[in-house]
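User: I am new to this structure and would like to learn how to read its features one at a time. Could you take me through them slowly?

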Amino acid sequence: MGSRGPAVVPHPGIGTCASRISLEHKSFGAELHRHASNLAGLPVKPLAPHSVAALRKMKKRKVAELETDALVPTKTPPPPARATPSLPTLLLYDERLQRHAHPDGRRHAECPERLTHIHAALESSGLLSRCKAVSCGEATDAELRGVHSPFYLQRLAALNNASRERLQAEAEQYDSIFMNEHSVDCAMLAAGGVLSMARKIYHGEARNGMALVRPAGHHADAHSPSGFCLLNSLAVSAKQLLSEGCERVMIVDWDVHHGDGTQKIFIDDPRVLFVSLHRQDHQTFPFDNETAEPYVVGKGAGAGFTVNIAWPEPQMGDAEYLYAFQRVVLPLTRCWKPQMILVSAGFDAAQGDPIGDCCVSPAGFAQMTRSLMPYADGKLLLALEGGYSLQQVGDCVAACVRELLGDAPPEDSATNDAISCCESARVAVNETLRAHAPYWPVLHPES
Ligand SMILES: [Zn+2]
């Protein structure tokens, strides 16, 4: 590893990375060393090497009782947020996006009521009126073509207001896709809405924002829909920002499912740092998806810019996600200095979600949001992906919006809870650290 770092890519932010390491390493690295020492002698299975198969078999094991004061939270304070407080926090809520629904009329997990429940939660908590409301506008064909192929866009356009039989026949050709006569139009609106927000935030017209959009986007790639996703709104936004002068866009995907579409779009692009935290086991969509493994790090000039943190089992919660943030996401963010941070904000890792089978609390999502706000001059945009518990998705979005507005966290919120991270998650994070250590000197796997 040495000082090589991601020097394969001559980025402005990269050049300062190595010089920052000495400072960060002294504090962050010292904590890791101390942690390793504390663990020494404890009956904890050695962390390395582990095959993925071994990871999946590993029994989840809490070690909070084995550790008292040492773990990971970096003692390096984050830089102060530099966002201008007077700029608004944007909130996209557009009733037109409720038209997208399962054509059978049956209750589907990805239902229009998700948006109304979120809206109600924001209204009852008094957060809605404190945000600047924005609505959708359709993305242009040229903007969409930054990511999606002309053939795919033509195919989608032909489905707008198509017959039910035609839509069903089309949907059956893909994995986990449903469409009604409004679906394509809603996807266009969602992509345009997210892009408009990203532009406003990047160009300094707004502080940050939350986009309540559906259909979701992160499973859609250049040529096809997948997993309830038709157009990849955040990828379209990232590509457009890059064309408008932005040099480094970070996409953090905390949806419980791997952001396989986004990863595929940027797999060889060193201008986009893609970090996905997801379940990677046989029960989780996309099934048997080898591209979600930690050893998949990007290709060509993009090597090192795809980062997969793959949970080998369900029931990951605040401690596990915060541990991954402290060990991987935040060191990368500090080092690479993105100019804009986009979040594929799925809330299907929330406790009680009928699909995700994980247990992240609203406070956990809030803390992840808060931890990203000091970077990229506060230019942070969250766009809804999954999240299928109507109660939980409302509470989780409200917790994140409260952070975006700059409120102090509630007294009972999770803070530095990473010390109770389970062993299998530690091993998974270490797999990611080991895969990326050759590219990022700031990442330190345990031996
Ligand atoms: Zn999901």
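Analyst: Let us begin with how its elements are named: helices and strands are DSSP runs, numbered from the N terminus. Please keep in mind that this is a predicted model.

User: Is Gly298 buried or exposed?

Analyst: A residue is buried if 20 or more other C-beta atoms lie within 10 Å of its own. Gly298 has 22 C-beta neighbours inside 10 Å, and therefore counts as buried. Leaving out residues up to four places away in sequence, Gly298 touches Ile267, Asp268, Ala303, Gly304, Phe305 and Thr306. Ile267 is 31 residues apart from Gly298 along the chain, yet their C-alpha atoms are separated by 4.9 Å.

User: Which residues have the most contacts inside the largest nonpolar core?

Analyst: In soluble globular proteins, nonpolar side chains tend to be buried together. Here the largest nonpolar core has 123 residues, and those with the most contacts inside it are Ala211, Leu342, Ala383, Val397 and Cys400. Helix H8 (residues 183-202) supplies the largest share of this core, 13 residues. Beyond its neighbours within four places in sequence, Ala211 is in contact with residues including Gly193, Val194 and Met197, as well as with Leu381, Leu382, Ala383 and Leu384.

User: How many residues of helix H12 are buried, and what do they pack against?

Analyst: Helix H12 (residues 362-372) is mostly covered, with nine of its 11 residues buried; among them are Phe365, Met368 and Leu372. The buried residues of H12 pack against strands S4 (249-253), S7 (340-345) and S8 (380-384), and also against helices H11 (318-336) and H13 (390-404).

User: Which peptide bonds are cis, and where is phi positive in a residue other than glycine?

Analyst: The general idea is that most residues other than glycine have a negative phi, and most peptide bonds are trans. In this model, a cis peptide bond joins Arg214 and Pro215, with omega about 0°, and Pro215 lies in the loop between strand S3 (208-211) and helix H9 (233-243). The bond from Phe285 to Pro286 is cis too, with omega near -10°, and Pro286 is found in the loop between S5 and S6. As for phi, Ser176 has a positive value of about 55°, while that of Lys337 is near 55°.

Methods:
Residues are numbered from 1 along each chain as its sequence is written. This is a predicted model: local features need pLDDT of at least 70, side-chain atom pairs count only at pLDDT 80 or more; totals for chains, interfaces and linings use all residues. A nonpolar core is a set of buried Ala, Val, Leu, Ile, Met, Phe, Trp, Tyr and Cys residues joined through C-beta atoms within 7 Å. A residue is buried if 20 or more other C-beta atoms lie within 10 Å of its own, exposed if 12 or fewer, and partly exposed in between; C-beta atoms are placed from the backbone. Helices (H or I, at least four residues) and strands (E, at least two) are DSSP runs, numbered from the N terminus. Two residues are in contact if their C-beta atoms, placed from the backbone, lie within 7 Å.
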